[in-house]
Amino acid sequence: MARDIGTEALAHLAEDRVDHRFKGLPPDAVGLTVAELAGQRRNLFTDGFTTPVLALSAERLEHNLALMETYTDRHGLAFAPHGKTSMAPQLFRRQIEHGAWGITLAVPHQVWVARAFGIERIFLANELVDPAALRRIAEDLAADPDFRFVCYVDSVRGVELMDAALRGSARPVDVVVELAAGEGARTGVRTEAQCAAVADAVAAAATLRLVGVAGYEGEVPRADHQRVTAYLRRLTALAAELDKGGHFADTDEIVVSAGGSAWFDAVAEVFAELPALSLPVLRLLRSGAYVSHDDGHYRRLTPFARVPEEGALEPAFRLWAQVVSRPSAEQAFANAGKRDAAHDLDLPDAQVIRRGGTERPAAGVTVTGLSDQHAWLRTEPEADLEVGDWVGFGLSHPCTSFDKWQLIPVAEADGTVVDYIRTFF
């Protein structure tokens with residue numbers, strides 16, 4: 001049923017009309033449906049797209065999806081990639097088609113988006129104590145017996161608030177105890193004794209069911225392999241201790257979940273060491289940035305750099321902007337800025353220049369800053385850059401790249417646009 005709902009909702013996306021909401025699309029495409037525009041297979045560089053325009057590589061996107069499917073299979077991991085990265089239901093569907101168990105999300109609005117597109121398994125990697133959101137979750141659970149929802153708990157007070165909001169619900173809400181990654185880290189219970197107290201509180205609440213433990217190793221202070229694996233072993237030991245105490249008696253599998261995009265190799269290593277428990281274990285990885293990867297933050301941090309024999313992710317984003325001003329030999333300005341490009345972790349990286357149908361490396365061109373709608377470019381003597389040139393930029397941090405674009409062209413290597421990805425932020 002939900003699969004049918006999701007298929008229908010995705011079809012409606014293709015029926016949406018191109019208009020002023022969507023940046024970078026050809027002006028003469030206004031009024032076409034997204035499906036009609038995709039069917040025209042226009043070229044990103046020669047068929048009317050306007051700058052700035054963000055594009056995804058069709059080939060690299062598929063490569064990344066397939067690589068993580070292979071990786072998780074090889075290591076015996078279930079996979080719930082973090083959907084907050086893209087908030088793109090079309091990509092959620094492709095991730096599930098590539099073997100994902102479900103989708104991880106962070107806040108209620110994201111859950112509503114996923115549910116509207118037929119996602120049946122949702123892991124909310126966050127605490128949830130809002131009464132209205134909890135009642136909506138309870139209604140969805142009651143209406144759809146196939147819907148699986150799991151969220152964090154990290155305090156007795158939080159359990160009490162959830163229980164109060166969920167009184168009278170037809171099905172209990174599944175929860176996992178979140179173990180903090182250390183003092184000064186983000187959310188999560190700080191000590192094992194406090195974890196046991198939270199687990200006892202869940203056991204006393206008929207509206208909740210404890211199904212496992214979870215955490216986020218990316219918050220480990222001064223993270224390195226030794227510190228990250230030590231934290232993950234605390235997490236797996238907590239699962240074993242709670243199991244020994246009979247805390248998972250009401251479920252049919254035990255969820256043990258971790259995994260951002262920087263240390264999933266450590267997660268695979270430690271989860272493989274998990275001893276047999278009283279029930280089958282769902283070893284659930286949640287890495288999300290892989291789908292587009294990037295040319296900065298995750299290029300530096302990706303575990304595939306440490307284990308190259310496992311493969312390599314490929315950066316799938318490129319932001320195209322046009323040089324609109326060249327006031328001096330040392331400076332130029334392109335028409336993309338903070339409204340268009342991720343800039344919270346690194347500035348965009350000038351990679352290639354297009355002029356007259358030819359493309360060459362952007363030698364001697366460096367982004368030194370961003371205004372709202374301009375990139376400040378420093379040009380060295382070897383830089384061959386003119387007003388009107390297109391500059392292709394690599395971006396750092398997928399989460400703050402997707403959220404600036406509602407409709408993103410997917411282009412093949414020759415520039416042929418074969419699809420459009422809709423986002424919901």
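Guide: The largest cavity has a volume of about 50 Å³, a volume being the space filled by probe spheres set on grid points that are joined across faces, edges and corners. This is a predicted model, in which local features need pLDDT of at least 70 and side-chain atom pairs count only at pLDDT 80 or more, while totals for chains, interfaces and linings use all residues. Residues are numbered from 1 along each chain as its sequence is written, and side-chain values use heavy atoms, with hydrogens and water left out.

Visitor: What makes a space a cavity and not a pocket?

Guide: On a 1 Å grid over the protein atoms alone, a cavity is a set of points where a 1.4 Å probe fits but cannot get out, whereas a pocket is an open set with protein on both sides within 12 Å along at least five of seven lines.

Visitor: How do you know which residues line the largest cavity?

Guide: A lining residue has an atom within 4 Å of a point, and for the largest cavity these residues are Glu178, Leu179, Ala180, Ala181, Ala185, Arg186, Thr187, Tyr216 and Glu219. They divide into five nonpolar, one polar and three charged, where Ala, Val, Leu, Ile, Met, Phe, Trp, Tyr, Cys and Pro count as nonpolar, Asp, Glu, Lys and Arg as charged, and the others, Gly among them, as polar.

Visitor: Which residues are the closest to the centre of the largest pocket?

Guide: The largest pocket has a volume of about 580 Å³, and of the 27 residues that line this pocket, the closest to its centre are His82, Lys84, Arg186, Tyr216 and Tyr298. Helix α11 gives the most to the lining, with three residues, and by class the lining holds 10 nonpolar, 13 polar and four charged residues.

Visitor: Why is α9 called oblique to α10?

Guide: Helix α9 (residues 225-244) and helix α10 (residues 264-272) pack at an angle of about 40°, with their axes 9 Å apart. Angles under 35 degrees count as roughly parallel, over 145 as roughly antiparallel, 65 to 115 as roughly perpendicular and the rest as oblique, and therefore α9 is oblique to α10.

Visitor: What residues of α9 and α10 meet?

Guide: Residues in contact have heavy atoms within 4.5 Å of each other, and those of α9 include His225, Val228 and Leu232, while those of α10 include Ala266, Val270 and Phe271. The residues of this contact divide into seven nonpolar, three polar and two charged.

Notes. Axes fitted to C-alpha atoms, helices over the stretch in contact; angles between N-to-C directions. Helix = DSSP H or I, 4+ residues; strand = E, 2+ residues; numbered from the N terminus.
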